[in-house]
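Please look over the sequence and the structure before reading on.

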Amino acid sequence: MVRRFSFLRNRWITRFGLVFALVLGLTTYACAIEPNWYEVRNLQLTLPRLAPEFSGYRIVHLSDIHADRWMTSDRLQRVVGRVNRLQPDLVVLTGDFITRSPETYTPTLTALRALQAPDGAVGVLGNHDIASGAEFVAQSLAKSGVQVLENQVDTIVRKGAELHIAGVGDVWYGRAHLEQIMPTLPDTGAAILLAHEPDFAEVSAATQRFDLQLSGHSHGGQVYVPPFKRLVPALADLYPSGLYRVGSMWQYTNRGIGASPLHLRLNCRPEITVITLNSPKTAPS
């Protein structure tokens, strides 16, 4: 009996040890390894209204930097270095540049000054930016060389052909006003919309004017265990991560490079997206 009790006790100790080691290993991985393990995802998208002059145009998409004690200037500088090595024509950033405390953490965004792209960097604000102080964050971004589009359109011209980049205000805080964008958006040329919250695609696709919407907000859930549903914030339920077709429009949700409120990721690596645009006339078969 004593021998059997000793055997059972040792077996439970072994099981407990294995479970403890597994939990410790996963926690270490989720907190220290995966948040720093950036995935560079490459997409080839054919946009029906894209002029041949823009075939091969490279957009690097970043989202959800969440500057804070973890996302330091040094860490963001390393991300910027990786972006520059990808040789983008344009860099787009889809919101949540900081988490909170703008006076403390917007200086981190000065690292974005080093972005190198012929057509510059454009972005939209996210819900954390609005909650922290929209004007303060926007001014900091302007000083860092990022053009903030708040219900505005920026048009890029190549040999007379046009590519339109529109940015909508944050949906969460009721600042998204397509009615301000549409009258200023030309009828011809491909149009890309930047919107922090991905589920806004239900609205933007209905206009039938946008070829692509780029978004963030969801972080992909940060922790993803199939087959369970991703746990994402409101306005990211329909399109939580990756590429979708919404009517005649492509929609892409970037998982972000920062994290909030906990700095951990599991099966949901931070992401830098490279989108190469193709015209129907020159698209690879």
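The model is predicted. D211 sits in the loop between α6 (201-204) and β9 (212-215), and T106 sits in the loop between α3 (102-105) and β4 (121-124). Strands β6 (residues 152-158) and β7 (residues 161-167) run antiparallel.

**D211 and its surroundings**

- D211 has a relative accessible area of 1%, so D211 counts as buried, the cut-off being under 20%.
- Beyond its neighbours within four places in sequence, D211 is in contact with L47, P48, R49, G189, A190, A191, M249 and W250.
- The side chain of R49, one of these contacts, makes a polar contact of 3.1 Å with the side chain of D211.
- G189, also in contact with D211, is 22 residues from D211 in sequence, and the two C-alpha atoms are 9.7 Å apart.

**The β6 and β7 pair**

- Seven bridges join β6 to β7.
- One of the residues involved is I156, whose bridge partner in β7 is L163.

**T106 and its surroundings**

- T106 has a relative accessibility of 6%, so T106 is buried by the cut-off of under 20%.
- When residues up to four places away in sequence are not counted, T106 touches I98, F136, V137 and S140.

Methods: Residues are numbered from 1 along each chain as its sequence is written. This is a predicted model: local features need pLDDT of at least 70, side-chain atom pairs count only at pLDDT 80 or more; totals for chains, interfaces and linings use all residues. Side-chain values use heavy atoms; hydrogens and water are left out. Helices (H or I, at least four residues) and strands (E, at least two) are DSSP runs, numbered from the N terminus. Buried means under 20% relative accessible area, exposed over 50%, partly exposed in between (1.4 Å probe, protein chains only). Contact means heavy atoms within 4.5 Å. A polar contact is a pair of N or O atoms within 3.5 Å; within protein, one must be able to donate a hydrogen and the other to accept it, and residues adjacent in sequence count only if both atoms are side-chain atoms. Two strands pair if DSSP finds at least two bridges between them.
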